[in-house]
Amino acid sequence: MTRSAALLAAGAIALLAAPLALSDFWIFIAIEVLAFALYAVSFNVLLGYGGMLSFGHAAFFGVGGYAAAILVKKAGLAAGLAFALLPAVAMLVAAAFALVIGFFSVRRAGIYFAMLTFAFQMLLYTVAMKATGITGGDDGMTGLKPPGVLAKPFAYYYFALALIAPALYVLHRLVSSPFGYILRALRANARRVQYIGVDVRAHQLATFVITGAFAGLAGGIFALSSGNVFPGWLNWTASATPIVMAVLGGVHTFLGPALGAAVYVVLEVLISGKTEYWPLAMGVIILILVLLMPEGLTGLARRKSA
Amino acid sequence: MSGQGLPVVKADPAYSAGLLDALLQQFAWVQNPVVVARQLLAGVSNGMLLFLISAGLSLIFGVLRIINFAHGALFMFGAFIALSVAALAPGTSGSYVAALIGATAGLAVLGALLEMGLLRRIYHAPHEFQLLLTFALVFIFGDVAKLIWGREDHSVSVPQALGGSVQALGLTFPAYRLFLIGVGIAVALGLWLVLHRTRWGIFVRAATMDRAMLSALGVNTRVLFTTVFALGAALAGLGGALAAPIVAVGPGLHVQVIIDAFVVVVIGGMGSVIGALVASLLVGIVNAFGVLAFPGLAVVLTFAVMAIVLIVRPWGLFGVPE
């Protein structure tokens, strides 16, 4: 068995067995890790594989969260039905937003692409703040609960895992497919890829929509786990989160960002428990990361084993 | 920085209901010269404050090619420094002048230190690293401000010499707002002079067009970058100090302010000071009147315009297409 296959098997076993060994609080954190892992990996498909730095990926995570919240609280469906539809609704709504935003954003490259995604995210933020009837405005939406036995963290963990593991697998198949290889080529030299007849914009838009949809799924899952959604999920300061997680884990591997997500979430929980100055700590960590550890944790690991 | 909330002057209710009537009601204030003048003054003076932040942000992007998300935090520090200095002798002109000088000079020094110590190391790194660095500064500076000055909002009193009103054209204007406009015009003129009449200014303008060529011609771009960043920071600091008497000075100040600055820089054109001036005044005035006409939509409109500009003409009004 190869080393990475062994690592993956070990990881899978750990993921499946985790809730048996953890307290309810830490299972809750583990669910957050799963959701953010999907969030970070989807972002890295855009950044690490596609070379597209989006300042607005948090928009889709937030949209997924709000879609889930509105579905569960305001759609007037039976709790069980609403919940069963949640993954599909979160993904479809996020994909729809990604289609519109992406359509306009991929027409520009580099810094203008980034600023466009930023502008659209802030647009959604102001809508979330103002549309108090639908989104609860400033207060957000609270009291979101999965129905019946799924309200227990132990059960919800497996529900989340059952959605997120296949999602990660799908994304992995995507980047390993011809579509994925064209995407990597686009990152390296878009013009050259265009010359061999590929529709660059369509390819980038498709990637944007798919990664946005999965970010939305992550947001929806997390919203029901944490029980609330806030406009702050859409504020520009939230755009840093997927970037930090991806770079922390390492953008050159597929699961690197997942590791980054795990470390980020655990650090946040531990540090926020001790002090209210988590932003300060996070800023310092980012500085260390950027200045001293640009290849992230997986890069460090690779260097050590080389 | 929205305009002051004023009651909308209602149209004659004898009109029958309809879209035209609703529109007339929304714009009824146009007939009221006091309201128009007051909003115009607020809009232009807010625009001048916005110009001070945006000019620095735009220059920093034009020369260093870095989107400085922490620029709002620099503005915030300017306001806090002014708060602390003015508190030594509240209301007096002496403490206020000292506050302005302290904020400007202090931020210039901080800017130079940031550029030399941190930014310089990541010029050749991928964009996501530069972004992360300035984001890190946002988080750090926000908490540092909390640690030093506490969590609550503070207020700074307008210096007595500028606290009154001025009568003109049969209307009353707050003197401080007129002062802000005056300072803004002075700074704009000063910047123009520096950029167009000094060697350093020529280098700065050349750098926004072609950095590599400038360096190849033998200009010390390292020092240029440091001084540009220091100038941008100083302008932000000055803006913060000037804004201190009319905004709530608290650790959340930097989060809101940077958004308006980005909108301005996008509309005006990244790297263009004249663009920053025109766009700042535009945004300031539109915001001031937008709050009257479309209270809920004004903010949404701002980002919609930003998106439209990026889609249709991303280099803005005065920027250089790449």
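This is a predicted model: local features need pLDDT of at least 70, side-chain atom pairs count only at pLDDT 80 or more; totals for chains, interfaces and linings use all residues.

Mentor: A salt bridge is counted here when a side-chain nitrogen of Lys or Arg lies within 4 Å of a carboxyl oxygen of Asp or Glu. Over all chains the structure holds three salt bridges. Arg151(B) sits in the loop between helix 5 (127-149) and strand 1 (165-168) of chain B, while Glu276(A) sits in the loop between helix 12 (256-274) and helix 13 (278-292) of chain A, so the pair joins two chains. Across the interface of chain A and chain B, the rule finds one salt bridge.

The surroundings of that bridge can be described by area and by residues. Between them, chain A and chain B bury about 3,800 Å², and 83% of this is on carbon and sulfur atoms. On the side of chain A, the residues that lose the most area to chain B are Tyr112(A), Met115(A) and Trp236(A), which together account for 18% of what that side buries. The contact draws 38 residues from chain A and 41 residues from chain B.

Turning to packing inside chain B, helix 6 (residues 175-197) and helix 7 (residues 199-209) of chain B meet at an angle of about 85°, their axes 5 Å apart. Helix 6 of chain B and helix 7 of chain B are therefore roughly perpendicular to each other. Helix 6 of chain B contributes Val194(B), Leu195(B), His196(B) and Arg197(B) to the contact, and helix 7 of chain B contributes Arg199(B), Trp200(B), Gly201(B), Ile202(B), Val204(B) and Arg205(B). Sorted by class, the contact of these two helices has five nonpolar, two polar and three charged residues.

Another pair in chain B is helix 3 (residues 71-86) with helix 10 (residues 253-268), which pack at an angle of about 125° with their axes 8 Å apart. That angle makes helix 3 of chain B oblique to helix 10 of chain B, and the crossing of the two is right-handed. From helix 3 of chain B, the residues His71(B), Gly72(B), Ala73(B), Phe75(B), Met76(B) and Ala79(B) meet Leu253(B), His254(B), Val257(B) and Ile258(B) of helix 10 of chain B. The residues of this contact comprise seven nonpolar, three polar and no charged.

Terms used:
Residues are numbered from 1 along each chain as its sequence is written. Chains are lettered from A and ligands numbered from 1 in the order in which they are written. Side-chain values use heavy atoms; hydrogens and water are left out. Axes are lines fitted to C-alpha atoms, for helices over the stretch in contact, and angles run from 0 to 180 degrees between N-to-C directions. Helices (H or I, at least four residues) and strands (E, at least two) are DSSP runs, numbered from the N terminus. Angles under 35 degrees count as roughly parallel, over 145 as roughly antiparallel, 65 to 115 as roughly perpendicular and the rest as oblique. A crossing is left-handed if the near helix is turned anticlockwise from the far one by less than a right angle, and right-handed if clockwise. Contact means heavy atoms within 4.5 Å. Ala, Val, Leu, Ile, Met, Phe, Trp, Tyr, Cys and Pro count as nonpolar, Asp, Glu, Lys and Arg as charged, and the others, Gly among them, as polar. Buried area is the accessible area (1.4 Å probe) that two parts lose on being put together, summed over both.
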